[in-house]
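User: I would like to learn how to read a sheet and a chain contact in a structure. Could you walk me through an example?

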Amino acid sequence: MARSIFAYIVHSNGEIDDSYLDFINAAKKIDPDAKVTAVVFGHGDEVENVAKEVANYYPEVWKVNKESVAYPNAEIIRPMLLDILPNDSIFMLPHNTFGMDLGPGLSIKIDSTYIPDVVDIEKAEGDTLVVVRQEFGGQVSTHVSCDISSGAVITIRPGAFQTEEEPQKVSGNVVDKSSEVKDVEAKRKYIEVIEAEVGDVDISKEDVLVSIGRGIGDQENIPIAEELAEAMGAVVSCSRPVVDAKWMDKSRQVGTSGKTVKPKIYIAMGISGSFQHMGGIKGNPFIVAINKNPKAPIFQYADVGVVADLLEFAPILTEKIKEIKKG
Amino acid sequence: MEILVCVKRVPDIGENEIEITSDGKDIKREDLVYSVNEWDNYAVEEAIQIRDKVGGSVTVVSVGDDEWEDVLRREMAMGADKGVLLKDEKFDGSDGKGLATILKAFVEKGNYDLILTGAQASDDGAGQVGGMLAALLDWPFASLVNKIEVVDDKTLRIGREIEGGNQEINEIQLPCVLSIQSGINEPRYVSLRGIRKVASKEIPVYGCEDLGLSEDQVGEKAAKVKRIDYFIPEIGKGAEILEGDLEEVAEKLAELLKAKGGIK
Amino acid sequence: MMKEVLSPAYTTFLGLPGSFWGVLIPLVGIACFLYIVARRLIPLAKAAPDPRFDRINLRIKNLFRYWLFQYKQPRYIVAGVIHIVIFAGFLVLSIRSISLVIEGFYPDFVFPGLGGFLGKVYSVLKTYFATFVFIACIVAVIRRVVFKPERYKVPPKYGKEHTFEAIFVLALIGSLMVFESLFEASSGTKEALPPLTLAWFFKLILPTSSISFLQSVHTTSYFIHDFIFFFFLCFLPFGKHFHVLTSIFNVFFMKLDRGVVKPVRYGISEEELDNLEYFGIKYFEDFTWKHMLDFYTCVDCGRCSDNCPANFVGRPLSPRFLTIKSREYMFDRFPVLGLIKPKEPVVGKIFEEDEIWSCTTCGACEEECPVCNEYINKIVDLRRGLVDEGNVPQTIQKALNALEKRGNPYGKMESKRLEWAKSLEGIEVKEVSKKFKPEVLYFVDSATSYDERLQEIAKATATILTKAGVNFGVLGKKEKDSGHEVRRFGEEFLFMTLRDMNTEAILESGASLIVTSDPHAYNCLKKDYSDIPPVEHITEFILRLINEGKIKLKPIEQDDLVFTYHDPCYLGRHNLLYDVPRMVLDSIPNLKRVEMKRCRDRSFCCGGGGLMLFYEAEEEKRMGQVRAEMAYEAGANVIITACPFCLVNIEDGIKTSGLEGKVRVMDITELILQQLS
């Protein structure tokens, strides 16, 4: 095989995206002896520091330090990658808003196969890669056979290749590729980021969250969750459908398009457990799932589960908690 | 502005569970109903609103078979001026690049300023055709667009939905390709009467030859990505389900939460 | 020296002969009046057609009942009595008024037939009535100014209070009485006037000595009366008092059928519908002439809004103001003086979308209106317009799309429509087929088929029918949503599609009677479908079973249970089935029943059914909660209803009102099942 494998490292404001080490695990599934080269784009001290940090785990880090990519603009980074990537390489990206922006076009430009949102890699034989993807909102999985003879751009589902093991520390070397990269007159210009409004409560700072999903049924049932939260000294958060229905403010949304939370305890009531929602939960909290559908994906993520209608169960739980607090 | 919107016909998943056939080669389709991909519908609504503001026309295009005409007609009933079907047996089994190649051939027959696609499709969730089409055409691209403002006939100001619910503002030059995120607007309802009104409107059909494509560019033969089967993965360890009646379970859970420090 | 007081025609007034004024005032008055009325008729001439000359006998009966006998007025007793007095006064005094006008130029005029004894009787009558009307006006003014009834209030968004116009008109009427009485009192006759009347009182205080003084009072009061009379006549078409003239027509042309929705456009058959440029109300002219007559006839009494559940819970709908805004628009766009303004879309100009979607079609407004205005058809027509434009709330769109694809608003699979029957132990629910063509068809409809809570109604109904030995079947997978709310939400073509599919399945089933536990389905099959077997609500069917002895009911065991029956809108107001469910309940021995204050035709809507469940309204409280609280206030701890939507709405209302444990709600079928022996 001896194919070059690259991993694009996403970072923002000095913080590296959580799943940046997953690529190493994924790469091993393609080739156990793979040496993955991390690719870091950015500007100034920030990119320098990120590159150094990444070099603790990646044997080689290619760094591009340019003002034009101080903010990661996929339309600029894509042609720059063309300047440095060797032919037939395998290029990995996270399947997030940046990966979806950069990946498809990149695969065309470097004439390689695009394999999006991969949750597992089952085998790699010669020029064929068999991966696992999901379809229909995660209801079913598929095996997909990919011809990677002229390389591949693979986007990895964040968290799908996480392992319990501590990643191996190495002393990688940082290679400055800035001079190899040509300046780009991109037809898409970054202007600014408008931050989501901060609501009355910052759920990303809370230790205990009582989270509700579509299963809450109606806006008028939300007090059931609020009472439970109050009894626990917790705060109510929710999944995207609750915000879309305008039952709760967007600042309460947990998920990849909402807030990232790092609680110690996460009670998921009436939440199905889509990966976009679970993607907003970091730090491996103690997850309790309450859902009347025993097949809901949430039970895969949870530590403890209750198969019940939250509208019936939550008030009882609230009572029990109040009793415990008293006695 | 001449706007092209690529739309896909997908199964309605809604309240219904998807089941796999016994041989695992496909999902059970007898009881399925189909409709336009939700993201694509948002894209068509956006295109219509832009056209109503600055003038021009909206064309919807699909790569599919005769059954896809219903979807095209519905979008025309919504307000798209024209519908086009790219149909050919040779297109069957195309992967993302194949579809983008077919669409590119069609785009080059016309004179479009703006191409919209949905951010992803509810069936395979790949989110790839828009970006690929842009690269093939060498047009600028932006994905997950949740806001479009026409600055002038050469420039758009767009917002992209990024992590944390934040919005990334960009200026992009026309012609360009944008993939549209759900929630960008509130799509209008298409009444049955509206669909009847466009029932006899013509939908031109173009095949492989009409588009000047060769067999080895499209279809199964050219596809580098092929689905082998569908399966339901084995359920791993998962959660420990608490047993008992609701009172008992609530007590157990309350104790557990206290032990984990969840009760302040 | 004058020896007697002369008729005004023989005297002078303001320097000109009385007969001159006696001709001029009526001439000018009538000319202006005719011109004003002609201008007011213009929008009606441009309006959509509305055939209202059918069933003349029934229309005449209605005229007597609602117009002449003021049947609806006493529903609000104080205002009702005041109005009946004034109205009766107007009728009686109409003869006097005509006579008076003619006397202005033909002083010896005697109204035909009122020459001799009858004339004297009439004279006494009219003098008393003038007095009653005068007193009624005073009471009415005091009521308006001092007591300020709630329903007359004008929320700021609708403009200023209407008190001035009300008092102005009362003052006009009062002054007509005053000046007529003064005229009477100053006629100089020796005959005594009927005692304690206004005229009698004036005669008492008028000095009889000076003939010339009496003459000037007589002449002046005559011409002031004449002037006010014609001023008032011309003033009528400018406000709510237009009803004085139009109410007789409005009642004659009133809606004759309950629970029925008008076709998209009268005169256009279903096949021709495709030719219409658009559906529904886009411009004001798309209202029918009768709708426009309604706008003119509205008396601004506020009784409709006072009974409107949407208004009560703070939704942006007030039927009264829907009408008043329309009238103001008509006056503005089609002025009496000036050019007619160009047409423009009415949604956004007069009406807001949320206002239009807020209506649950409960019919409380139509039930209450003393001049028999209709509302539901207007709302449906407005919704048709919105649907045509695609302007539909996203949640309703989802339900409509699901109805189109799957025949139910939940989007669940057709094959699961009979799932509820699978968990029924010991009871077999059979689907109709080539081999099974039962006599009775149980039409379940979507909510009862798919909603977990409501499936209990289906199970109870099936069990009751089975235990009573009824040979019944269901359509199962072939059943589609009845389409009742689909039609009332303005999606006419989707309704027609559902109706046609159901009709085919129903006819194929070979059943000779359809029974349903869902009043919306009941109303739909009865009124919106045609050429299908007769339809009964399950309570009608159960009552017959009870009377035939086919089911026996055991007594209520718990002594502390107090029941109350909530009238579903589509059983009660729209189908007049008030007594049958009560008789069913009263067949259960030892059942204690109380009535809520708002019951029967004043029943308070639970929040609506069908597509209404998918509408996210801006409101202060849920209607279901209001209703649950009403039941509790009435002293009940069990609410019985006969509609699946009432059941879920009230059940949710019990939860959110904190009355859980104090009140519960059951469907009547569940109670009957429980009490089956």
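Predicted model: local features only at pLDDT ≥ 70, side-chain atom pairs only at ≥ 80, totals over all residues.

User: How do strands of a sheet pair?

Analyst: Strands of a sheet pair through backbone hydrogen bonds, in a parallel or an antiparallel way. Here, an open sheet of 4 strands runs in the order S8(A)-S9(A)-S10(A)-S12(B), and its pairing is antiparallel.

User: Which are the edge strands?

Analyst: They are S8 (120-125) of chain A and S12 (225-231) of chain B, each of which pairs on one side only. On average, neighbouring strands of this sheet are turned by 25° against each other, direction ignored.

User: How many bridges join S8(A) and S9?

Analyst: S8(A) pairs with S9 (residues 128-135) of chain A over 5 bridges, in the antiparallel sense. Within this pair, Thr128(A) in S9(A) stands opposite Glu125(A).

User: What about S10(A) and S12(B)?

Analyst: S10(A) and S12(B) form an antiparallel pair over 6 bridges. One spot to look at is Ser145(A), whose bridge partner in S12(B) is Lys226(B).

User: And how many residues does the contact take from each chain?

Analyst: Chain A gives 70 residues to the contact and chain B gives 71 residues. Elements of chain A that each supply at least two residues to the side touching chain B include helix H4 (97-109), strand S10 (140-147) and helix H9 (310-326). By class, that side of chain A has 32 nonpolar, 19 polar and 19 charged residues.

Notes:
Residues numbered from 1 in each chain as written. Chains lettered and ligands numbered in written order. Pairing = 2+ DSSP bridges. Axes fitted to C-alpha atoms, helices over the stretch in contact; angles between N-to-C directions. Contact = placed C-beta atoms within 7 Å. Nonpolar A, V, L, I, M, F, W, Y, C, P; charged D, E, K, R; others polar.
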